[in-house]
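Student: Hi, I've got a model open and would like to talk it through. Could you take a look with me?

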Amino acid sequence: MNIPLVGRSKRSGSCGTLAPWGTLSAVAVFVFPLILYGLTLAPTVTFEDSGEFIAAAFTLGVPHPSGYPLWCLLAHAFTWLPFGEIAQRVHLCSAVFAAATVWLTYLVALNLTRHRGAAWIAAIALGVSRVLWSQAVIAEVYTLNSFFTVLLIYLVLRWKESRTRGWLYLLALSFGLGLANHLLISLVAPVLIVWLLTVDWRALIKPRVLSIGTLLILAGLSVYLYLPLRAISDPPINVGTPDTLTKTWT
């Protein structure tokens with residue numbers, strides 16, 4: 001059975017559909033780095049923001065600005081795991097999203113090159129790079145930011161191939177959620193907008209697309225309501241006490 005993961009191509013050697021062994025390579029490109037990160041995971045609290053982030057994740061607190069509400073919620077879910085110390089569980093959150101970033105990189109490279117081997121090498125090269133690996137084994141927000149960055153690129157590629165509005169809407173929601181993790185992802189927006197306009201600017205300026213896209217971005221940004229809602233409860237980690245919408249904005 002063929003499993004569609006990327007768009008069809010008319011060129012020879014097309015990877016429009018992947019045979020079972022191709023699917024296994026896509027699974028391996030996630031599992032391999034995840035095992036690697038798991039084996040090298042920091043055993044306890046590390047330097048810089050690690051202690052603050054671990055405490056914020058465990059208590060559903062508010063870390064330093066911009067508060068990183070989406071990361072706090074996702075990392076808190078990892079604290080429910082029935083094994084390891086609390087610090088290790090939160091570190092594992094970084095490892096999972098780093099591995100997911102590598103997997104998405106594989107899909108992007110496969111879409112662009114139509115060559116499984118080249119895509120696999122490119123993805124694994126990112127996975128074992130010093131920067132990503134260093135962030136994958138500690139409590140930090142950057143692997144989740146990397147995940148959303150590559151996800152946005154992948155969604156643009158899927159829309160470019162199919163011109164289906166659903167990909168645009170998923171792109172808008174993902175961008176809003178990415179901002180709810182780290183504002184740094186806003187730097188990707190100009191590049192994506194130019195790319196989208198170059199492909200088909202008429203499809204983007206339709207009132208329905210603009211209105212639904214805007215609502216979906218706002219839906220992603222609504223995760224920031226976490227900050228005043230949790231600040232009101234005065235958790236142990238409550239930097240800046242953003243217990244009103246005004247304090248949250250500033």
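Student: Among contacts in the chain between residues at least 6 apart in sequence, what share joins residues at least 24 apart?

Tutor: That share is 68%, with contact meaning heavy atoms within 4.5 Å. Keep in mind that this is a predicted model, where local features need pLDDT of at least 70, side-chain atom pairs count only at pLDDT 80 or more, and totals for chains, interfaces and linings use all residues. Residues are numbered from 1 along each chain as its sequence is written, and side-chain values use heavy atoms, with hydrogens and water left out.

Student: Thanks! How many helices and strands are there?

Tutor: The chain has 12 helices and zero strands. Both are DSSP runs numbered from the N terminus: helices are H or I with at least four residues, strands are E with at least two.

Student: And how does the radius of gyration sit against the globule rule?

Tutor: The radius of gyration is 19 Å, close to the 18 Å that the rule gives for 250 residues, so the chain is as compact as a globular protein of that length. The radius is taken over C-alpha atoms, and the rule is 2.2 Å times the number of residues to the power 0.38. Along its principal axes, the C-alpha trace spans about 60 × 50 × 30 Å.

Student: What fraction of the residues is buried?

Tutor: Buried residues make up 47% of the 250. Buried is under 20% relative accessible area, exposed is over 50%, and partly exposed is in between (1.4 Å probe, protein chains only).

Student: OK, now Gly117. Which helix is it in?

Tutor: Gly117 lies in helix α5, which covers residues 116-127. With 33% relative accessibility, Gly117 counts as partly exposed.

Student: And where is Gly117 relative to Ala75?

Tutor: Their C-alpha atoms are separated by 33 Å, and Gly117 and Ala75 are 42 residues apart along the chain.
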